Amino acid sequence: MANYLFPALILVTTGAFAGMLAGLLGIGGGIVLVPAFLLLFTQAGFGGPDVMQLSLATSLATIIVTSMRSVMAHHRKGAVDWQVLRSWAAGIGIGALIGVLTVGALRTQVLQLIFAGLVIIIASYMAISRVHWRLAEEMPGGWRRIVISPLIGFVSVLLGIGGGSIGVPLMTLHGRSIHRAVATAAGFGLLIAVPSVVAFLFLPVSNAPPMTVGSVNLPVFLLTIAMTLITAPLGANLAHRTDAQRLKRYFAVFLLLVAFNMLRKTLMG
């Protein structure tokens, strides 16, 4: 029993943190969960060529619940732009499915390098971005939306995230307030996670931990969402009375440390 106490404590703490981030910053928390899951699975003896796939898929499964809870909390405050979610849904879902196929074809070391590189890019933008930055006053439409929406789904699956880390800057750069962007980006998580997790359930991994369905480990999923369900609404409430930009910069520093640590371990073998 004692052997499971420390991993369970890490999962509870990480899940609470991820849920708070989902509500507060509009990110699904996967950008925190994936490194934590990777560490836990590896330390528990389930490392191997598919352990990153296992971590990504399990993270995305938690995002279904986290995003749903976060969107409901933001919707009660009238902050969700449902028109954006409806018009971007198909492209994001297609990109997510392509992402699943890509993850299934790549091994852990390659996925770790991709994860670290993309996180460094996202964190760097978080650190230097400014509220007043604008590319346009309206969200991309036509061929731009056709190109960008699948990219959001594709990149998000490679990171095991709900798309908020991409969706929030996209919307703020196109005329949406930070609070509306955070609220709407929480909905991106459902558009990404639902189709990708369904696909991952039929994509088994080697050396899987007990009670793993396809690429999703059920005990880790359940223990994590037990905390995200509690903390996501708290983060959503806090988002409407907090300087989210300052918090983003602090979080960016944390992400850079996580990414460079993963990069170092991966390159050192």
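At what angle do the axes of helix α2 and helix α3 cross? Roughly 135°, with the two axes coming within 8 Å. Please keep in mind as you look around that this is a predicted model.

**How α2 meets α3**

- Helix α2 covers residues 30-46 and helix α3 covers residues 51-75.
- The crossing angle of roughly 135° makes α2 oblique to α3.
- In handedness, the crossing in which α2 passes α3 is right-handed.
- On the α2 side, the residues that meet α3 are G30, L33, V34, F37, L38, F41, T42 and F46.
- On the α3 side, their partners are V51, M52, L54, S55, L56, T58, S59, T62 and I63.
- Sorted by class, this contact holds 11 nonpolar and six polar residues, with no charged residues.

**A closer look at L33**

- Is L33 buried or exposed? L33 has a relative accessible area of 0%, so it is buried.
- Setting aside neighbours within four places in sequence, L33 is in contact with T14, G15, A18, S59, T62 and T224.
- For a sense of distance, L33 and Q43 are 10 residues apart along the chain, and their C-alpha atoms are separated by 15 Å.

**How α3 meets α5**

- Helix α3 has another partner to look at in helix α5, which spans residues 108-128.
- The axes of α3 and α5 come within 7 Å and cross at roughly 50°, and α3 and α5 are therefore oblique to each other.
- V51, M52, Q53 and L56 of α3 make this contact with T108, L111, Q112 and F115 of α5.
- The contact of α3 with α5 counts five nonpolar residues, three polar residues and no charged residues.

**The largest nonpolar core**

- Which residues touch the most other members of the largest nonpolar core? They are V157, F188 and I192, in a core of 70 residues.
- Helix α8, residues 178-200, gives the most to this core, with 12 residues.
- Leaving out residues up to four places away in sequence, V157 touches L56, L60, A96, G99, V100, V103, I192, S196 and F200.

**How α6 meets α8**

- Helix α6 spans residues 142-159, and its axis lies 10 Å from that of α8.
- The two helices pack at an angle of about 60°, and α6 and α8 are therefore oblique to each other.
- α6 passes α8 in a right-handed crossing.
- I152, G153, S156 and V157 of α6 meet F188, I192, S196 and F200 of α8.
- By class, there are five nonpolar and three polar residues in the contact of α6 with α8, and no charged residues.
- V157, F188 and I192, which touch the most other members of the core, are among the residues that bring α6 and α8 together.

**A covered helix, α7**

- Helix α7 runs over residues 164-172 and is mostly covered, with eight of its nine residues buried.
- The buried residues of α7 are G164, S165, G167, V168, P169, L170, M171 and T172.

**The loop between α8 and β1**

- N207 sits in the loop between α8 and β1, the latter being residues 212-213.
- N207 is not a glycine, yet its phi is positive, near 55°.
- N207 counts as partly exposed because its relative accessibility is 41%.
- A208 belongs to the loop between α8 and β1 as well, and A208 is partly exposed, with a relative accessible area of 35%.
- A208 and D50 are 158 residues apart in sequence, while their C-alpha atoms are 8.5 Å apart in space.
- M211 is another residue in the loop between α8 and β1, and M211 has a positive phi near 60°, again in a residue other than glycine.
- With a relative accessible area of 60%, M211 is exposed.

Note on methods
Residues are numbered from 1 along each chain as its sequence is written. This is a predicted model: local features need pLDDT of at least 70, side-chain atom pairs count only at pLDDT 80 or more; totals for chains, interfaces and linings use all residues. Side-chain values use heavy atoms; hydrogens and water are left out. Axes are lines fitted to C-alpha atoms, for helices over the stretch in contact, and angles run from 0 to 180 degrees between N-to-C directions. Helices (H or I, at least four residues) and strands (E, at least two) are DSSP runs, numbered from the N terminus. Angles under 35 degrees count as roughly parallel, over 145 as roughly antiparallel, 65 to 115 as roughly perpendicular and the rest as oblique. A crossing is left-handed if the near helix is turned anticlockwise from the far one by less than a right angle, and right-handed if clockwise. Contact means heavy atoms within 4.5 Å. Ala, Val, Leu, Ile, Met, Phe, Trp, Tyr, Cys and Pro count as nonpolar, Asp, Glu, Lys and Arg as charged, and the others, Gly among them, as polar. A nonpolar core is a set of buried Ala, Val, Leu, Ile, Met, Phe, Trp, Tyr and Cys residues joined through side-chain atoms within 4.5 Å. Buried means under 20% relative accessible area, exposed over 50%, partly exposed in between (1.4 Å probe, protein chains only).
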